[in-house]
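How do helices cross, and what surrounds an open space in a protein? Take a look at the model below.

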Amino acid sequence: MQFINVEIRKMEERDLPAVMEIENLCFVAPWSKENFLNEMDNQYANLWVIELSAEGTAKQVVGFSDYWQTFDSATICQIAVHPGIRRRQLGSALMDEIINDCYAKRVQNLTLEVRKSNQIAINFYKKHGFKETLVKEKYYSNGEDAIYMMRGVDIDG
């Protein structure tokens, strides 16, 4: 299928069924619908969806992101693309949207935590200018360590 329209926009409650499907496919400890509703009410949270459509078809949410901004720093909580449509630069488009939004808001640093075992995600973040800064031991509920990563929010990362 040839996609002719890609749109990134603020997440709305009507997006939750598609977001929940992606969430459940992508994460070891997925959030609940209530988690997302609370996040949508959080003044610090910035939630985005990426939609695709082809000629003659309805738009379809295929990914989402969530980051918190506090003063001049921001933390990525989640970024995910439906597993059936990965490797098409959609995650990169979401990441670029986050970085550009942070840049416009004069954010200085962007951080995140990622499971130590998630080498695909770690490589993705490195591709986008993040550097490993420390290990948070037993960070996740299953005892797995997290890699704490950071990048500056400027044109060159």
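The model shown here is predicted.

**Two helix pairs**

Start with α3 and α4. Their axes lie 11 Å apart, and the packing angle is about 50 degrees. Therefore α3 and α4 are oblique to each other. The crossing of α3 past α4 is right-handed. On the α3 side, the contact is made by Gly-91, Ser-92 and Met-95; on the α4 side, by Phe-124, Tyr-125 and Lys-127. This contact of α3 with α4 has three nonpolar, two polar and one charged residues.

Now turn to α1 and α2, where α2 covers residues 33–41. Their axes come within 10 Å and cross at roughly 120 degrees. That angle makes α1 oblique to α2. Here α1 passes α2 in a right-handed crossing. Leu-16, Val-19, Met-20 and Glu-23 of α1 meet Lys-33, Phe-36, Leu-37 and Met-40 of α2. By class, the contact of α1 with α2 has six nonpolar, no polar and two charged residues.

The table sets out the geometry of each pair.

| Helix pair | Axis angle | Axis distance |
|---|---|---|
| α3 and α4 | about 50 degrees | 11 Å apart |
| α1 and α2 | roughly 120 degrees | within 10 Å |

**The largest pocket**

How much space lies in the largest pocket? About 1200 Å³. The pocket is lined by 35 residues, and the closest to its centre are Phe-27, Ile-79, Asn-118, Ala-121 and Tyr-125. Which elements give two or more residues to this lining? They are α1 (16–26), β4 (73–81), α3 (90–104), β5 (109–115) and α4 (119–127). The most comes from β4, which gives seven residues. By class, the lining divides into 19 nonpolar, nine polar and seven charged residues.

One residue links the two topics. Tyr-125 of α4 takes part in the contact with α3, and Tyr-125 is also among the residues closest to the pocket centre.

Note on methods
Residues numbered from 1 in each chain as written. Predicted model: local features only at pLDDT ≥ 70, side-chain atom pairs only at ≥ 80, totals over all residues. Heavy atoms only, no water. 1 Å grid on protein atoms, 1.4 Å probe; cavity = no way out; pocket = protein on both sides within 12 Å on 5 of 7 lines; lining within 4 Å. Points joined across faces, edges and corners; volume = space filled by probe spheres on them. Helix = DSSP H or I, 4+ residues; strand = E, 2+ residues; numbered from the N terminus. Nonpolar A, V, L, I, M, F, W, Y, C, P; charged D, E, K, R; others polar. Axes fitted to C-alpha atoms, helices over the stretch in contact; angles between N-to-C directions. Parallel < 35°, antiparallel > 145°, perpendicular 65-115°, else oblique. Left-handed = near helix turned anticlockwise from the far one by under 90°. Contact = heavy atoms within 4.5 Å.
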